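Thanks for coming. I will take a few minutes to walk through one structure, going from single residues to the whole chain and back.

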Amino acid sequence: MVKLLRYCRKQDWFTVVAIIGLTILQVYCTMTLMDYISNITKSIQYLYYHNNPQELLGNIPGIDSFLNMNPFPWDTISSMSQSPIIEAVAKASVGDIWFNGGMMVLLSFCMIICQAIISVLAAGISSHLATTLRKEINDKITSFSLAELNHFSTASLITRSTNDVQMYQMSLLLIMRMFFAAPITAIWAVCKIQSISWTLMVPALVGIIALVGGLCIMLVLVMPKFKISQKLLDRVNGQTRENVNGIRVVHSYNAEQYQKEKFDKTNTELTKNQLFTGKAMAILSPYITLIMNVVSLLVYWIGAYLINDGQTDYAQVLSMMMLSTQVVMSFMMLLMMFYMIPRANVSAKRILEVIETKNSIVDPKEELPLKEEGSIEFKNVSFRYPDGDNDVISNISFSAKKGQTIAFIGATGSGKSTIVNLVSRLYDATEGEVLIDGVNVKDMKQKTLRSLVGFVPQKGLLFSGSVKDNVSFSDPKMSFENVKEACKVAEADSFIEEMEQKYDSPIAQGGTNVSGGQRQRLCIARAVAMHPQFFVFDDSFSALDFKTDKKVRENLKEKEKDATKLIVAQRIGTIMDADEIVVLSEGKMVGYGTHKELLENCETYRDIALSQLSKEELGL
């Protein structure tokens, strides 16, 4: 938990010093207020005796002659007895009550002001820290490669950046409000009790022991549940996200009941866990109230004996009762912090897991200059997932020069998408080298590499905003003419012009308000708009009809003839015009050459081709 405090600003630490100063002032006002409460109690008592002298002096021998005098000769009685109490009663007046009462009001007002300022300052520190943490988590997630993203689930990352940060923020806010006040109040109150009466300190010690014992038992029972609660919350968020994203599939298969039961199971586990912690915390409030009442009763009980023995008076007993209450409350606040700190610590660890995760893909210290333009080469490349036992692709080698088109085809799971992911360095090759423009991608900065590659993923993803915003995603300042031209190349201009607001038409998150084919064409337009040296199409034509597919490829060949293109596809018609075709099977390259060459010498390619086209169409 403490590690996250390094993200505080310098001015935040000065603010903490101000909070400490205001806390000391607040505690001073609290303790001084108790003195004035004791004084006003005495003033009321003395004023009562002043008006009813027989209550105070009725048992003194020879006092009868004075009791009937009007006005009562307090000065004479005071000089005769030399008693401080009788002297105070003699001088008692309503003005003393007004003075003490006025000071109480003033001190109470100062306490309120101090507490309000402390709350505002603490809220400022915790809010800024939470903002910084959310930014750090978001920046870290943005820098993750696919390897790190696969380590954390999407639902878990969302929970960590929202719920865990909020939990840490609230805990930090409460801790700052109590962390300094509790020990200062406890020490100050104990010193005042010691100066008045050690005997009356016994109730406070009893209360502290009972409070510490009860809360320690509570912590042992409740703390493990907090860790479980966060994990269960991850699962609930994950299932909710899965259900929303797959709602069409759920409806199509009438699986609503199955999804409900699946969600209810996890939700019930979370509810039971939270009910347990809630019930445990519900017991805490009456338990503390009971301790406070027992302490008050003990103070009055012991105080009554002391008053009868003449060792103290009611005002001191009242003061001791309030001080004992302050001591118990201080220890309660300290123990509550020990209750909150573990909860915050759980959230802090989950946040730090994300922030301190080391990226598997990092930029080189010195970037090597590019030697060529538009060339790409794989040299004996193999790749294995971090937790995998076997290679996904093994010993892959091919090359392409500027303007050439390389296509990849093979059965599902043969490693086609893995190869193109290595080009953009979404993963790093386990063995071998991936060269772009004659330089190993590991010797290039990620920003430099990705500025050269226009990547169109297998699943077309659009962002919330307008059509123009999505097409100009690589450069928000991109000219409108460039956007329109890119849409024409991708054959997207036809349906865009039919939209009500044309290029300013809104796109929903994920592109759910456009069809699959329209979404893919906009994704292709997004890549074209940046005019890259390399295009990577990861099965990006699958949702297009044959006519549109052919037209888009013709447009790319004409408008982006200097760009090197890598195309992953399942349809022979999409790749048969490629300069070179890589045929994959179970992660290995089983064929390499042109369409005609592969039909003659690659059985795997010929089988795929014959499954889609007739011999006549293939010219066999």
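Let me start with a question: is D437 buried or exposed? D437 is buried, because its relative accessible area is 0%, and the cut-off for buried is under 20%. Before going further, please keep in mind that this is a predicted model.

D437 sits in the loop between β4, residues 431-436, and β5, residues 439-440. Its phi angle is near 55 degrees, which is a positive value in a residue other than glycine. N395 also has a phi near 55 degrees, again positive and again in a residue other than glycine. N395 is placed in strand β2. At 46% relative accessibility, N395 counts as partly exposed.

Back to β4 for a moment. V434 is found in that strand, and V434 is buried, with a relative accessible area of 4%. What does V434 touch, leaving aside its neighbours within four places in sequence? The contacts of V434 are E377, F378, V381, L422, V439, N440 and V441. V434 and K379 are 55 residues apart along the chain, yet their C-alpha atoms are separated by 6.5 Å.

Now the overall numbers. The protein has 620 residues, and buried residues make up 46% of them. It contains 24 helices and 12 strands. Take the contacts between residues at least 6 apart in sequence: 75% of these join residues at least 24 apart. The exposed surface comes to about 32400 Å², with carbon and sulfur atoms supplying 57% of it.

Two of the helices deserve a slide each. Helix α10 runs over residues 202-245, which is 44 residues. From first C-alpha to last it reaches 63 Å, close to the 64 Å expected at 1.5 Å a residue. Where does α10 have a kink? The kink is at V222, shortly before the proline P224, and it is about 30 degrees.

Helix α8 covers residues 154-179, so 26 residues, and spans 35 Å between its first and last C-alpha, close to the 38 Å expected. A bend of about 35 degrees is found in α8 at R160.

Next, the aromatic residues. How many aromatic pairs does a search of the whole structure find? The search finds eight. One of them is F398 with F408: the ring centres are 5.2 Å apart and the planes are at 70 degrees, so this pair is edge-to-face. The pair links distant parts of the chain, with F398 in strand β2, residues 393-400, and F408 in strand β3, residues 405-410, 10 residues apart. F398 is buried, at a relative accessible area of 4%, and F408 is buried as well, at 0%.

Another aromatic pair is F463 with F473, and this one is stacked: 4.6 Å centre to centre, with 5 degrees between the planes. F463 lies in the loop between β6 (453-456) and β7 (465-466), and F473 lies in the loop between α16 (467-471) and α17 (480-489), so the pair ties together parts that are 10 residues apart in sequence.

Ring pairs link F378, F398 and F408 into a cluster.

R526 lies over the face of F473, at 6.0 Å from the ring centre. F546 has the charged end of R571 over its ring, 4.7 Å from the centre.

E558 counts as exposed, because its relative accessibility is 55% and the cut-off for exposed is over 50%. How far is E558 from V489 in space, C-alpha to C-alpha? The distance is 9.2 Å, although the two are 69 residues apart in sequence.

Methods:
Residues are numbered from 1 along each chain as its sequence is written. This is a predicted model: local features need pLDDT of at least 70, side-chain atom pairs count only at pLDDT 80 or more; totals for chains, interfaces and linings use all residues. Side-chain values use heavy atoms; hydrogens and water are left out. Rings of Phe, Tyr and Trp (its six-membered ring) pair if their centres lie within 6.5 Å; planes under 30 degrees apart count as stacked, over 60 as edge-to-face and the rest as tilted. Helices (H or I, at least four residues) and strands (E, at least two) are DSSP runs, numbered from the N terminus. Buried means under 20% relative accessible area, exposed over 50%, partly exposed in between (1.4 Å probe, protein chains only). A charge sits over a ring if NZ of Lys or CZ of Arg is within 6 Å of the ring centre and within 35 degrees of the ring normal. Contact means heavy atoms within 4.5 Å. Accessible areas come from the Shrake-Rupley method with a 1.4 Å probe; for residues, only the protein chains shown count as cover. The expected span of a helix is 1.5 Å times one less than its number of residues. The bend at a residue is the angle between axes fitted to the seven residues ending there and the seven starting there.
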